[in-house]
Amino acid sequence: MSLAASSDNSPILIAGIDEVGRGCIVGPVAAAAVILDPAKPIAGLTDSKKLSEKRRTVLAEEIKANALAWAVARAEASEIDRINILQATFVAMRRAFAQLPIKPDFIKVDGNRLPGIACPGEAVVGGDALVAEISAASILAKVARDSEMAVLDRLYPGYDFAGHKGYPTKVHLSALAEHGLTPQHRRSYAPVKKFL
């Protein structure tokens, strides 16, 4: 539920925050922040990884149309290499939160650590499957990052970025061996380092 009554009976706005792409070896890590509208419930929200690509796309449009507020942000591969993936994830989350057109009273973040946002909140392990706001954020982040991979696929043909979405699959690693690194590869990641 996005809203609850506070002591003065004004509504409490809750933003869910999640990221996608930590385990990828190319491209940005994406994060989203979503404040749902309790008057416009969205059926079928769950962890984005449990949904088909088609279902995610449909839900993403529904979230954007019906949420009170949403934002998607990113941290680039170069930032990941410079400050590490955990810190880059927190940067992306803070950027998404900062872009929300209305500010929540409370945040719920997927995982076991808060990203250093100046707002009361809690970290929820497995939250992308448990908390509707986090589920919505995971869907928006996943759809945004997957579309980014489709763009990289056109920019760098031969790597099948649209297929594996940047994860270190056999296809991806064999493409690295054949074609070398792109400027978007995360050079601090072990599977990439051996191709430097």
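Modeller: Let's begin with a charge and a ring: lysine 103 lies over the face of phenylalanine 97, 5.4 Å from the ring centre. For a charge to count as sitting over a ring, NZ of Lys or CZ of Arg must be within 6 Å of the ring centre and within 35 degrees of the ring normal. Please keep in mind that this is a predicted model, where local features need pLDDT of at least 70 and side-chain atom pairs count only at pLDDT 80 or more, while totals for chains, interfaces and linings use all residues. Residues are numbered from 1 along each chain as its sequence is written, and side-chain values use heavy atoms, with hydrogens and water left out.

Rings can also pair with each other. How many aromatic pairs does a search of the whole structure find? The search gives one. In that pair, tyrosine 159 and phenylalanine 161 have ring centres 5.2 Å apart and planes at 10°, so the pair is stacked. Here, rings of Phe, Tyr and Trp (its six-membered ring) pair if their centres lie within 6.5 Å; planes under 30 degrees apart count as stacked, over 60 as edge-to-face and the rest as tilted. Both tyrosine 159 and phenylalanine 161 are buried. Buried means under 20% relative accessible area, exposed means over 50%, and partly exposed is in between (1.4 Å probe, protein chains only).

Now for aspartate 160, which is found in the loop between helix 5 (132–155) and helix 6. Helices (H or I, at least four residues) and strands (E, at least two) are DSSP runs, numbered from the N terminus. Aspartate 160 is partly exposed, with a relative accessible area of 36%. Its phi is positive, about 60°, although it is not a glycine. Most residues other than glycine have a negative phi. Lysine 165 is another non-glycine with a positive phi of about 60°; lysine 165 lies in the loop between helix 6 and helix 7 and counts as buried at 12% relative accessibility.

That brings us to helix 7 itself. Which of its residues are buried? They are His172, Ala175 and Leu176. Looking down the axis of helix 7, these buried residues fall within an arc of 105°, so they line one face of the helix. The arc is that of the directions from the helix axis to the C-beta atoms. What covers them includes helix 6 (161–164) and helix 8. The face turned away from the buried side of helix 7 carries the exposed residues Lys170, Ala177 and Glu178. Just after helix 7, glycine 180 takes a positive phi of about 80°.

The loop between helix 7 and helix 8 holds threonine 182, which counts as buried at 2% relative accessibility. Leaving aside neighbours within four places in sequence, threonine 182 is in contact (heavy atoms within 4.5 Å) with Val26, Tyr156, Tyr159, Phe161 and Arg187. This list includes Tyr159 and Phe161, our stacked pair. The side chain of threonine 182 is also joined to that of histidine 185 by a polar contact of 2.9 Å. A polar contact is a pair of N or O atoms within 3.5 Å; within protein, one must be able to donate a hydrogen and the other to accept it, and residues adjacent in sequence count only if both atoms are side-chain atoms.

Arginine 186 is in that loop too, between helix 7 (170–179) and helix 8 (190–193). Is arginine 186 buried or exposed? It is buried, with a relative accessible area of 0%. The side chain of arginine 186 reaches the backbone oxygen of cysteine 24 at 2.7 Å, and one of its polar atoms lies 3.3 Å from the backbone oxygen of arginine 22.

Stepping back to the whole, the protein has eight helices and five strands. Its radius of gyration (taken over C-alpha atoms) is 17 Å, close to the 16 Å that the globule rule (2.2 Å times the number of residues to the power 0.38) gives for 196 residues, so the protein is as compact as a globular protein of that length. Of those 196 residues, 46% count as buried.
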